[in-house]
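Please examine the sequence and the structure before reading on.

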Amino acid sequence: MGMIIDGKKVALEVKEEIRNFVNMRKNNGLRVPSIVSILVGNDGGSVFYINNQEKIATSLGVDFKKLLLEENISEDHLINEIERLNNDDNVDGIILQLPLPKGMNEKKVINTISSYKDIDCLTYENQGKLYCGEKVFLPCTPNSVVTLLDKYEIKLEGKNVVVIGRSNIVGKPVAQLLLNKNATVTICHSRTKNLQEICKNADVIVVAIGRANYLNEDFVNENSIVIDVGTSSLNGKITGDVNFERVSDKVKMITPVPGGVGALTTTLLIKNSCEALENNEN
Ligand code: NAP
């Protein structure tokens, strides 16, 4: 059996860092980080995410408010609300649950968020900075991938890393963060030829395609390190892109689903609010 990369364990470590930061602030009579998370309508997935954010943030002493807006509010109303939060010195981080209701110009709304408060790295400004290698709030899922690799002391410099998936939200930013760590990165997608062969020759495989159990033992070797970002629902169970049963004893290290990448993402999002608070004070 390959070593299991334990996202829950790493999340506990990061939570401790946040708790220490919050306590340090309180002990010095200073304000704690503050987040407003916006939900328009009541999309099931988004309701789950916002409640989870609230649970984690409040358990760590971070000030967390939900801004719940009716599904049928106008785009202008939403933009006004975001501008109000941008101008509120007591708000450090703004999270916008996506997708927005149909008919709204999502790009326009997202880019209304101040880059200083965009702790989810959604705005073009922050994404541009990310691709230029500048310091920026790291998007939480890609950050979870590199944080897990880092915490398990997996050196990336000069390593061959394959990222399967090229979405703006996972594949591309993951590839960029790995590149920033001096890995040699190959990005693969649905039109890639010889995917098995490319993966078999890689040191690290990051898979984010949304196809349950897709990656099997034919894609790996005994030294492979496999990071599974996928979360599909299969027979009512959250299932990764990797066939864990068939792959886990054929590789060096692997993340489970659940309990891997996804176990850390929201904690990293909350952690960005600590950085935002420090930035906003300087
Ligand atoms: P997405 O936008 O649907 O993108 C999927 C990508 O996978 C596309 O680039 C697609 O290629 C590629 N792809 C699909 N089938 C493929 C195949 N058979 N071989 C090679 N490449 C293939 O999905 P996403 O938003 O990036 O999400 C990916 C997965 O991560 C989903 O399961 C999602 O639920 C999960 N996720 C998890 C977290 C977390 O916190 N754990 C966060 C976000 C997303 P083309 O570009 O050629 O179409």
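**Exercise 1.** Does K102 count as buried or exposed?

*Solution.* The model is predicted, so to speak, by rule: local features need pLDDT of at least 70, side-chain atom pairs count only at pLDDT 80 or more, and totals for chains, interfaces and linings use all residues. Residues are numbered from 1 along each chain as its sequence is written, and side-chain values use heavy atoms, with hydrogens and water left out.

Step 1: apply the cut-offs, in which buried means under 20% relative accessible area, exposed over 50%, and partly exposed in between (1.4 Å probe, protein chains only). Step 2: K102 has 85% relative accessibility and therefore counts as exposed. Step 3: locate K102, which lies in the loop between strand 4 (93-96) and helix 4. Helices (H or I, at least four residues) and strands (E, at least two) are DSSP runs, numbered from the N terminus. Step 4: relate K102 to E71, which is 31 residues away in sequence and 9.4 Å away in space, C-alpha to C-alpha.

**Exercise 2.** Describe the overall architecture of the protein chain.

*Solution.* Step 1: count the elements; the protein chain has 10 helices and 11 strands. Step 2: identify the domains, which are domain 1 (29-114) and domain 2 (140-262). These bounds come from an automatic or database domain assignment. The centres of the two domains, taken over C-alpha atoms, are separated by 30 Å. Step 3: state the extent; the C-alpha trace spans about 55 × 45 × 40 Å along its principal axes.

Step 2: compare the radius of gyration with the globule rule. The radius is taken over C-alpha atoms, and the rule is 2.2 Å times the number of residues to the power 0.38. For 282 residues a compact globule would have a radius near 19 Å, and the protein chain agrees because its value is 19 Å. Step 5: consider burial; 50% of the 282 residues are buried.

**Exercise 3.** Which residues does E75 touch, not counting residues up to four places away in sequence?

*Solution.* Step 2: E75 is buried, because its relative accessible area is 19%. Step 3: list the contacts (heavy atoms within 4.5 Å). With that sequence limit, E75 touches G103, M104, N105, K108 and V109.

**Exercise 4.** Where is T112 placed, and which residues does T112 touch, not counting residues up to four places away in sequence?

*Solution.* Step 1: T112 is in the loop between helix 4 (106-110) and helix 5 (124-131). Step 2: T112 counts as buried, because its relative accessibility is 15%. Step 3: with the sequence limit applied, T112 touches I79, I82, E83 and N86.
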